[in-house]
Amino acid sequence: MSIQAQPIPQRPSAEPLPPPTERFTVLGWLYKNLFNTWYNALLTVVMVMLIALAVRAVGEWALNVARWEVITANLRLFAVGQYPITALWRAWACVVVLWALAGLSLGLWSRRAYGSIALLLAFPFVLGILAQDETTRWALLGAAAAAAAGFLLGQLRQRWLRRLALAGWVAYFPLVIVLIAGLGSEAPLLPSVPTNLWGGLLLTLLLTVVGIVFSFPLGVLLALGRRSKLPILSALSVIYIEVIRGVPFVTVLFMAQLMLPLFLPGVTIDRVVRAMAGVVLFSAAYLAENVRGGLQAIPRGQYEAAYALGFKPWQTTLLIILPQALKAVIPILVGQFIALFKDTSLVVIVGLLDLMGIAKTVLAQPDFLGLQAEVYAFVALVYGVFSFLMSALSQRLEQRLNTAR
Amino acid sequence: MTQAPQANENDPIIICRDVHKWYGHFHALRGINMEVQRGEVVVIFGPSGSGKSTFIRTINRLEEHQRGQIIVDGIELTHDVRNIERIRAETGMVFQQFNLFPHLTVLENITLAPIWVRGWKRDQAEEVAMQLLKRVGIPEQAHKYPGQLSGGQQQRVAIARALAMQPKIMLFDEPTSALDPEMIKEVLDVMIELAESGMTMIVVTHEMGFARAVADTMYFFDKGQIVESGTPEQIFEDPREERTRLFISQILSH
Ligand SMILES: Nc1ncnc2c1ncn2[C@@H]1O[C@H](COP(=O)(O)OP(=O)(O)O)[C@@H](O)[C@H]1O
Ligand SMILES: [Mg+2]
């Protein structure tokens, strides 16, 4: 060995170098993202001009031309249809409880959710300030206060509070049904409100929520049934799923209106309930196919590991396979639920006055003939806001459940 | 409970007599005979496709055998579902691909079966799980998800998960074949410790160092049959069959 061998020069410092930083400047950002090539620059200029034109035209119309009285004069119709004024507090109670639960959940489970809680508070607060009607104002301010109280309570982050919040969400759906439908014609506090008086956004949301809550378990069962080794079960599931998927939604709605009474002779079933049944039956078939996709993505090794540990087949499905399969299809399911929400507007065809149906009746009022643009713009805005909320919520859920970081 | 045939302590814990298995027309197992004593460590090796996995999986009935007899701890494997579930609860299995449950934390992976299959209280199951995690050397990972662990750590969790059921037998199907070289040792160390603690083990592996260190009996599989069996000394120093000698020299030359 040569004595001249030099030690390998060490790097001068053991300190790791910090990553190169780039100063953020507005001009730099604009250049990098919007003007980095000539065609990108051209595209940017053209798009900015088009957007400016569109915004100006819409703004001009919305501020100077549109006659928004058609909306303000009919707000209650849009919201609840013919739901009696004396029972209106029951719909408001649903809103207030929902806001309280949402505030509590944000406080308990979300970190740095200041944007969400600000929106949750500001929305009813601003509307409440603007509201002309006393009841509306106090109900909206009450909702904001309930959300704030829930959020603050949630900061305690106690285990029993989490249990309470979960129980609250589970109990919320039956609570809404009891509040809206009532407890019977003689009930002193909550007399029944016949469903033919339900309408507007209230009916749209009820159809959607009932559709989701009932089609979910039914769809999961159908998906499991389709994969079952029992030939009769799997054949029945396949037939059901394929028949429903082969038929337009409107047909299913009509079938539910006409056929359900034939299947259940002697029982008179409400028209709204029949429509709900149609929504559930339709949605379940699609849900089943989506869930089946998730089930197929689970590798065989998961079943084998579960069986090797001694789990029974039903335990394997419930504890190991379904949670993974459902998690994998959350985005698809939410997309399906958003579609369901918008599809409920087809119940107009069987004579129900949901948000869309109310829009039609409002347009028939002699005072507001020809105001299609205003009415449909408003309805579109309402559908848009709710769809956006659903998809934002699903992204939250996905991030929370992501365990493969 | 009472009608279960109680196995004698000195009887073999696993008895396989003339076990056959077909996949369609393909004859995957052609008459396997094996007896495993309590506390014995068995190593099975042989070329790919020789039926090692198929055989080890018939012991907890992940695969059904079609002829012959398999008796585990005095219970014969038949179509009787209750027998199958009892044998599975007493037999731990570790897979090449780990097969941890990705939606559960490490701790939940380990406690799920004791809670649902054995009916333990959660606190008790978690205590046992933490002890096992210490035993396999990763107690600090208890609240992570499998996707956040290295392969070697995942396989050690898989071993802890199987041990949490307090099995009488542990089956390993190529537990280190999916691991990067630097992680093989950490898993083998756990298995060696387990073997020395007296666990009955059947291990499919080509880790000959492991076999030499802890195997009591080695079986060489080829084409669905046992070509040769014996102690590690016999198999390594003086194999009866030319095929065995050839195969060992091939894997040792790697
Ligand atoms: N599910 C199956 N269907 C059909 N053939 C299979 C199946 N599983 C294994 N085999 C075949 O059985 C033979 C033995 O497989 P296996 O037990 O996995 O071998 P080893 O584990 O020794 O590599 C192989 O030829 C394989 O192709
Ligand atoms: Mg194999």
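**Helix packing, cysteines and a loop proline**

1. Helices H5(B) and H6(B) run roughly parallel to each other, because the angle between them, about 20°, falls under the 35 degrees that counts as roughly parallel. Please keep in mind throughout that this is a predicted model.

2. The two partners are H5, residues 151–163 of chain B, and H6, residues 181–196 of chain B, and their axes lie 8 Å apart. The crossing that H5(B) makes with H6(B) is right-handed.

3. On the H5(B) side the contact is made by B:Gly151, B:Gly152, B:Gln153, B:Gln155, B:Arg156, B:Ile159 and B:Leu163, which meet B:Met183, B:Glu186, B:Val187, B:Val190, B:Met191 and B:Leu194 of H6(B).

4. As for the cysteines, the count of disulfides over all chains is 0, where a pair of cysteine sulfur atoms would have to lie within 2.5 Å to qualify. A:Cys94 is buried because its relative accessibility of 7% is under the 20% cut-off, and B:Cys16, with a relative accessible area of 2%, is likewise buried.

5. In chain B, the loop that links strand S6 (91–94) to helix H3 (106–118) contains B:Pro102. This proline, B:Pro102, counts as partly exposed at 33% relative accessibility, since that value lies between the 20% limit for buried and the 50% limit for exposed. From B:Pro102 to B:Glu174 the separation is 72 residues in sequence and 21 Å in space, taken C-alpha to C-alpha.

Conventions:
Residues numbered from 1 in each chain as written. Chains lettered and ligands numbered in written order. Predicted model: local features only at pLDDT ≥ 70, side-chain atom pairs only at ≥ 80, totals over all residues. Heavy atoms only, no water. Axes fitted to C-alpha atoms, helices over the stretch in contact; angles between N-to-C directions. Helix = DSSP H or I, 4+ residues; strand = E, 2+ residues; numbered from the N terminus. Parallel < 35°, antiparallel > 145°, perpendicular 65-115°, else oblique. Left-handed = near helix turned anticlockwise from the far one by under 90°. Contact = heavy atoms within 4.5 Å. Buried < 20%, exposed > 50% of the residue type's maximum accessible area, 1.4 Å probe, protein only.
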